[in-house]
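Open your viewer and get ready to click. Each stop on this tour tells you what to select and what to look for there.

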Amino acid sequence: MQTHEVFADRQRQVVIKRYVQNERGEAAREWRALTLLAAHAPGLAPEPVRADLTATPPVVEMSLLPGEPLGGVPLTAEQERGLVRALRQLWESVPAAAVFPVDGETGQVEQLLTRIRDLDAIGRDPGDDRVVRLAMAEGRRWLQFATDGGTLRIEPGDSETPFALGQGDAYLANFLWDGERVRIVDFEDSGASDRPFELAVLVEHISAWHECGLDGDGFAAAFGLSATESARLAEGRRLAALFWLLMLMPGGRASRRNPPGTLQQQAERLLALL
């Protein structure tokens, strides 16, 4: 589903983004993140240029950043270190009190839960593969237990898992490498979160582990998480892996975009995490 249109005006060195879908406050969330990062982490993201959030469709203009998107091939050690530095800066720079609420948005965990439930409600047939069917059944069972029992915390941050501004879309192409540093684009799903959950959705993103072979455990180790954060990371990885299993079900967009066998690999990955 297309949520926005993007145009690059290279003469003005700006990017113009129009939000064809805005029910979750996507345009205001992007503008909020760009203005906050310009103030608290200059250079990490595009500079905000202009916004018309009441237009139909809403539009945001931002500076055009240098660099090439990550993804598609394994990251070099230098790129991986650059990604760690960029994420640390994103998660540590913006104070929680500065992230004002936007109409239509929900927290990052709740947002992912809603997408999982919407996908599951479609009821796509997983086919006859035993491992895929088992992963789907075990994933549903875990989700019921985690949400009913409260082991999956919905609200972001607490005294042991501090607040972080979440980017909201961990597709590696949203991270640009210019040969020296990583910068971040696409903040329409951004919002209040915490670093273990944001780390979970990144290492479980199909562009990270499947396309680039990113070692989730090794990458996470670079952040020195506490025991409480590590537990939060584990729950977040299960949730993200379940989301991707549903995305890869036959007939879905992700199924058509990925090579044969990806669904089975995702099922095995979810079962290992469970």
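Predicted model: local features only at pLDDT ≥ 70, side-chain atom pairs only at ≥ 80, totals over all residues.

Select glutamate 204. With 0% relative accessibility, glutamate 204 counts as buried. Buried means under 20% relative accessible area, exposed means over 50%, and partly exposed lies in between (1.4 Å probe, protein chains only).

Residues are numbered from 1 along each chain as its sequence is written, and side-chain values use heavy atoms, with hydrogens and water left out.

Glutamate 204 forms a salt bridge with arginine 237, and the closest N and O atoms are 2.8 Å apart. Glutamate 204 lies in the loop between H5 and H6 and arginine 237 in helix H8, so the pair ties together parts that are 33 residues apart in sequence. A salt bridge is a side-chain nitrogen of Lys or Arg within 4 Å of a carboxyl oxygen of Asp or Glu. Helices (H or I, at least four residues) and strands (E, at least two) are DSSP runs, numbered from the N terminus. Arginine 237 is buried too, at a relative accessible area of 9%.

Step to histidine 205. Histidine 205 sits in the loop between helix H5 (195–203) and helix H6 (206–209). Is histidine 205 buried or exposed? Histidine 205 is buried, with a relative accessible area of 9%. Show tyrosine 171 as well: its backbone nitrogen lies 3.5 Å from a polar atom of the histidine 205 side chain.

Go to strand S9. Serine 193 is found there, and at 2% relative accessibility it counts as buried. A polar contact of 2.7 Å joins the side chains of serine 193 and glutamate 198. (A polar contact is a pair of N or O atoms within 3.5 Å; within protein, one must be able to donate a hydrogen and the other to accept it, and residues adjacent in sequence count only if both atoms are side-chain atoms.)

Select aspartate 194 and arginine 232. Their side chains meet in a salt bridge (2.8 Å, N to O). Aspartate 194 lies in strand S9 and arginine 232 in helix H8 (residues 227–247), so this pair ties together parts that are 38 residues apart in sequence. Both aspartate 194 and arginine 232 are buried.

Next, helix H4. The side chains of arginine 141 and glutamate 138 meet in a salt bridge (2.4 Å, N to O). Arginine 141 and glutamate 138 are 3 residues apart in helix H4 (residues 130–149), so about one helical turn separates them. Glutamate 138 is partly exposed, at 29% relative accessible area.

How many salt bridges does a search of the whole structure find? The search finds 22. Select Asp9, Arg12, Arg50 and Glu61 to see a network of salt bridges.

Now check the backbone. Most residues other than glycine have a negative phi, and most peptide bonds are trans. Glutamine 13 is not a glycine, yet has a positive phi of about 60°. Find glutamine 13 in the loop between strand S1 (5–9) and strand S2 (14–18). Aspartate 186 also has a positive phi, about 75°. Last stop: threonine 56 and proline 57, joined by a cis peptide bond with omega about 0°.
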